[in-house]
Amino acid sequence: MIRYLIKNNFKIISRNAINILVLTLAPIIVSAVLISAFSAMMEKYEEVGAFKVGYSCNHDDITDQYIDGLKSVAEGQGISFVEYEGTNAEEAVADYKLAGFVEFGKDSYTVYKTDENTAEGQILEYLLHAYYENMSLAISEQLMAAGSENVAENNAKDETIGSKMKVETADFIPAVDSTDYYGIIYMIYFSWCCIVCGAGLFTAEKKYGIEKRQMVSGISDFKEYLSKFIPMVLMACGGLAIYGVLSIALLDVHWGNIALSALLVVLGIMAATALGLMVYAICDNMVVTVIIVFMLVWVWGFVGGSFETYIFSSTSETLKNLSPIYYENRALVELSCMGESDYVIKSIICSSTITAVCSGIAVLAGAIRRKGGKK
Amino acid sequence: MSTILRTKDLTKKYGSKVVVDNLNIEIEEGEVFGLLGPNGAGKSTTMNMICDIVRPTLGSVEFYGKDFKKNRKELLSKLGYIPQDLAIHGRLKAWENVELFTSLYGIKGAELKKRIDESLEYVGLTEKKNDYAKTFSGGMKRRLNIACALGHHPSLLIFDEPTVGIDAQSRNFIMEKIKESNRNGATVIYTSHYMEEVEAICTRIAIMDNGKIIAIGTVEELKKMVVEDTSKITLEEVFLTLTGKKLRDY
Ligand SMILES: Nc1ncnc2c1ncn2[C@@H]1O[C@H](COP(=O)(O)OP(=O)(O)OP(=O)(O)O)[C@@H](O)[C@H]1O
Ligand SMILES: [Mg+2]
């Protein structure tokens, strides 16, 4: 009966104080520190009102069209673009009291920011970045779709790009403060590190030959996998649930849709556990597993907004999309500040896929190691 | 008596090193079979191959006349393996340890509870059933290690050095229990470095060195291989004569 094995493995895991520390106290401390460190900065973003930006460009059909689109998008964000021809960027900023300046080149642009208006500068940079990223995406989509269609139709479609951008980018800068952002983001980050929960159990099993003893009972590889997977997921869910309550009570984090957020976090935990178990099944060494998983999670966190907010990061959208943490971060942050998010579905699909694929590989690798190698 | 376990040309190599070399032994139902040998002789490896947790390089094991490949689950349930290492969880209480390993054989509910109590009683740990295994002394851990292999009522018990590092009382207790299990019908394979233990409980003994069986028989028969007058020699002297006095550093 696998339920007794699951129950006892859960006891082993939960009787390890380190697990509670990693899952509850560590995220509380880290997010508390980051919230206070970044609160000043993020407040600045909220306080930013309308501002004026200068630009210069070489006029041609394409550039003009882009800039018109950009201008209308920027307008929606309270940013007005004013053209200053023939002036030097630095002089223009000083002379006309601009928050920043953009020089549009043939296929690049240069942003000038000032020391006084750092928040405005960041927003400007982000806006341009997001605009170009989405623009090129939209265009490539169109080119694919267009195929043999004629040029006139293509031109007509450019209009839709402009209006599509408006909606997209307006959503890009949600009003999230650092408390909500880091309070949410660190639950997710630590949930992806939950393989450490199993470290004590795996080490003991190996050190004392318990693995062998379980094998003598003829337990199937799938049950063996579940007997680790389920207790680890339960432990991580339990620990992070405590964190969730503390985050509301101590840090005053707003979670938006709690049920949906919880579902996403649980799915993330399942994916993280499956990933960890897969790496462990392959390399058969807990230290190496923790190093590999932590490195991966760090990279995913880095591009997905766990350190620098994804909202203002200059990481390309393509890179962000490679990070399961990004989908989860974005879904939860948007749930918190907007009450809904397109990323909920993306995150569910991403986590479920990782869980299924990694579990499959883990069971297979475990079977091969036990049957083939049989040390 | 019938043969319940037979190894056929059982061989294990690690790289080029032959650890178990063409082993052919037969274990009869109801006997206590002793396996002696210096460190590194290949005793544990042999036991592990018998329990199907180490794959033989060559050869096979037949248990109740059947092959492990086809009847794995059924055969394994008849086997009780007490490993040389203390394979118990320190973070679990004594009864939880027994529960974990006994439940692996599909035993559940009230029956499981009964078996847990029975196993703990058997090794004299009833009083300590609610204590964490990590708080146990060496001897208690050894006893718990045994209890974890008994709950599913195996008919073949494999003891790999169950008395390492424990006091005379605990050893005596374990010896008595092995004899009791045997009287109750279990067949036993037993390895140890304590000659007097082996002499006291084993009906037949094999001496293994460098992966090979170099002598096999009853204590009397083994002594006869070395001297005529068997009252003048101990099993230990027989062992040293047959395996030599050179230290084994592999
Ligand atoms: N996984 C392994 N890889 C390589 N060599 C191994 C492995 N397991 C065992 N050996 C080697 O096989 C030999 C036999 O080991 P084994 O544990 O069977 O000896 P033993 O007779 O039980 O010794 P002891 O009395 O010390 O328990 C030893 O030389 C050991 O180093
Ligand atoms: Mg050994």
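Mentor: One term before we start: a contact means heavy atoms within 4.5 Å. Also, this is a predicted model.

Trainee: Okay. Which residues does B:Met208 touch?
Mentor: Leaving out residues up to four places away in sequence, B:Met208 touches B:Val20, B:Leu23, B:Leu35, B:Leu36, B:Gly37, B:Pro38, B:Ala41, B:Gly42, B:Lys43, B:Thr46 and B:Ile213.

Trainee: And where does B:Met208 sit?
Mentor: In strand 10 of chain B, residues 204–209.

Trainee: Is B:Met208 buried or exposed?
Mentor: Buried, because its relative accessibility is 0% and the cut-off for buried is under 20%.

Trainee: How many residues apart in sequence are B:Met208 and B:Leu23?
Mentor: They are 185 residues apart. In space, C-alpha to C-alpha, the two are 9.7 Å apart.

Trainee: Switching to the ligands. What are the protein donors of the magnesium ion?
Mentor: Ligand 2 is the magnesium ion, and its protein donors are B:Ser44, through OG, and B:Gln84, through OE1. They lie 1.9 to 2.2 Å from the ion.

Trainee: Where in the chain does that pair come from?
Mentor: From distant parts, 40 residues apart. B:Ser44 is in helix 1 of chain B, residues 43–50. B:Gln84 is in the loop between strand 7 (79–82) and helix 3 (94–103) of chain B.

Trainee: Now ligand 1. How many residues surround it?
Mentor: There are 15. The closest are B:Asn39, B:Gly40, B:Lys43, B:Ser44 and B:Thr45.

Trainee: How do those 15 residues around ligand 1 divide by type?
Mentor: Five are nonpolar, seven polar and three charged.

Trainee: Which element gives the most to the shell around ligand 1?
Mentor: Helix 1 of chain B, with three residues.

Trainee: What polar atoms come up against ligand 1?
Mentor: A side-chain N or O atom of B:Asn39 is 2.8 Å from an oxygen atom of ligand 1. For B:Ala41, a backbone N or O atom lies 3.1 Å from an oxygen of the ligand. B:Gln84 has a polar side-chain atom 3.1 Å from an oxygen atom of ligand 1.

Trainee: How much of ligand 1 does the protein cover?
Mentor: It covers 68% of the 640 Å² of accessible area that ligand 1 has on its own. Strand 2 (17–23) and helix 1 of chain B are the elements that give two or more residues to the shell.

Trainee: Still on chain B, where is B:Arg171?
Mentor: In helix 6, residues 168–183. B:Arg171 counts as buried because its relative accessibility is 19%, and buried means under 20%. Beyond four places in sequence, B:Arg171 touches B:Thr163, B:Ile166, B:Tyr194, B:Glu196 and B:Glu197.

Trainee: Over to chain A. How many helices and strands?
Mentor: Chain A has 15 helices and four strands. Of its 375 residues, 51% count as buried.

Trainee: Last one. What does A:Thr179 touch?
Mentor: A:Ile35, A:Leu251, A:Asp252 and A:Val253, not counting residues up to four places away in sequence. A:Thr179 lies in helix 7 of chain A, residues 178–191. At 17% relative accessibility, A:Thr179 counts as buried.

Key:
Residues are numbered from 1 along each chain as its sequence is written. Chains are lettered from A and ligands numbered from 1 in the order in which they are written. This is a predicted model: local features need pLDDT of at least 70, side-chain atom pairs count only at pLDDT 80 or more; totals for chains, interfaces and linings use all residues. Side-chain values use heavy atoms; hydrogens and water are left out. Buried means under 20% relative accessible area, exposed over 50%, partly exposed in between (1.4 Å probe, protein chains only). Donors are N, O and S atoms within 2.8 Å of the metal (3.2 Å for Na, K and Ca); water is not among the atoms, so sites may look incomplete. A residue is near a molecule or strand if one of its heavy atoms lies within 4 Å of it. A polar contact is a pair of N or O atoms within 3.5 Å; within protein, one must be able to donate a hydrogen and the other to accept it, and residues adjacent in sequence count only if both atoms are side-chain atoms. Accessible areas come from the Shrake-Rupley method with a 1.4 Å probe; for residues, only the protein chains shown count as cover. Ala, Val, Leu, Ile, Met, Phe, Trp, Tyr, Cys and Pro count as nonpolar, Asp, Glu, Lys and Arg as charged, and the others, Gly among them, as polar.
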